[in-house]
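Welcome! Take a moment with the sequence and the 3D view below, and then try each exercise before reading its solution.

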Amino acid sequence: MKKIKLLWKILRLTGTDKIVSGFIVFYFIATFLILITEPTITNYGDAMWFTFVSFTTIGYGELLATTLLSRIVTVFVALYGIIVVALIPGVLVSYFTEIKSMKENDTVMEFLNKLERLPELTKDELSEIAENVKKKKYKI
């Protein structure tokens with residue numbers, strides 16, 4: 001649950017949540033526009049497929065935009081799709097960097113906690129700390 005909250009926090013801080021939400025709304029509006037402006041696309045499922053293929057820039061070519069308005073919508077779908085797809089790696093890298101940082105901070109806090117209780121630790125616990133420091137397990 002902590003990781004999901006962190007991911008949501010990163011999405012909010014980067015503004016990606018608004019971009020993705022906006023894209024989802026735009027995707028369905030663009031699909032509807034393609035359906036009503038393109039005579040070769042006759043059902044909503046085909047319009048969704050065409051919009052998906054356009055935003056991923058795959059472009060299989062089995063469905064084509066032939067009217068000016070549907071071509072303009074397709075250009076915007078492709079450009080918006082490129083932006084959204086490009087954001088995903090950046091957000092994921094940020095997410096995993098934060099998780100790694102949190103784990104390192106937890107390790108440091110554990111080490112500092114043990115140092116605060118140094119007089120109370122047993123000889124075995126002191127030996128364990130010494131070994132971990134030698135192995136550089138505690139990154140400070």
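The model is predicted, with local features needing pLDDT of at least 70 and side-chain atom pairs counting only at pLDDT 80 or more, while totals for chains, interfaces and linings use all residues. Residues are numbered from 1 along each chain as its sequence is written, and side-chain values use heavy atoms, leaving out hydrogens and water.

**Exercise 1. Describe how helices H2 and H3 cross.**

Step 1: Find the helices, which are DSSP runs of H or I with at least four residues, numbered from the N terminus. H2 covers residues 16–37 and H3 covers residues 44–55.

Step 2: Look at their axes, the lines fitted to C-alpha atoms over the stretch in contact, with angles running from 0 to 180 degrees between N-to-C directions. These axes come within 9 Å and cross at roughly 125°. H2 is therefore oblique to H3; angles under 35 degrees count as roughly parallel, over 145 as roughly antiparallel, 65 to 115 as roughly perpendicular and the rest as oblique.

Step 3: The crossing of H2 past H3 is right-handed, meaning that the near helix is turned clockwise from the far one by less than a right angle.

**Exercise 2. Find the residues where H2 meets H3.**

Step 1: On the H2 side, the residues include Phe23, Tyr27, Ala30 and Leu35, and on the H3 side they include Tyr44, Met48, Thr51 and Phe55.

Step 2: Sort by class, with Ala, Val, Leu, Ile, Met, Phe, Trp, Tyr, Cys and Pro as nonpolar, Asp, Glu, Lys and Arg as charged, and the others, Gly among them, as polar. The contact of H2 with H3 has 13 nonpolar, two polar and no charged residues.

Step 3: Pick out Thr51, which lies in helix H3. Thr51 counts as buried because its relative accessibility is 1%, where buried means under 20% relative accessible area, exposed over 50% and partly exposed in between, with a 1.4 Å probe and protein chains only. Beyond its neighbours within four places in sequence, Thr51 is in contact with Tyr27, Ala30, Thr31, Ile34 and Val77.

**Exercise 3. Is Ile19 buried or partly exposed, and is Thr16 buried or exposed?**

Step 1: Read the areas. Ile19 is partly exposed because its relative accessible area is 28%, whereas Thr16 is buried at 5%.

Step 2: Check the partners, setting aside neighbours within four places in sequence. Ile19 is in contact with Tyr80, Val84 and Leu87, and Thr16 with Leu11, Leu87 and Val91.

**Exercise 4. Compare two loop residues, Thr57 and Leu121.**

Step 1: Thr57 sits in the loop between H3 and H4. At 48% relative accessibility, Thr57 is partly exposed.

Step 2: Consider the backbone. Most residues other than glycine have a negative phi. Thr57, although not a glycine, has a positive phi of about 60°.

Step 3: Leu121 belongs to the loop between H4 and helix H5 (123–134). Leu121 is buried, with 9% relative accessibility. Leaving aside neighbours within four places in sequence, Leu121 is in contact with Lys114, Leu126 and Ile129.

Technical notes: Contact means heavy atoms within 4.5 Å.
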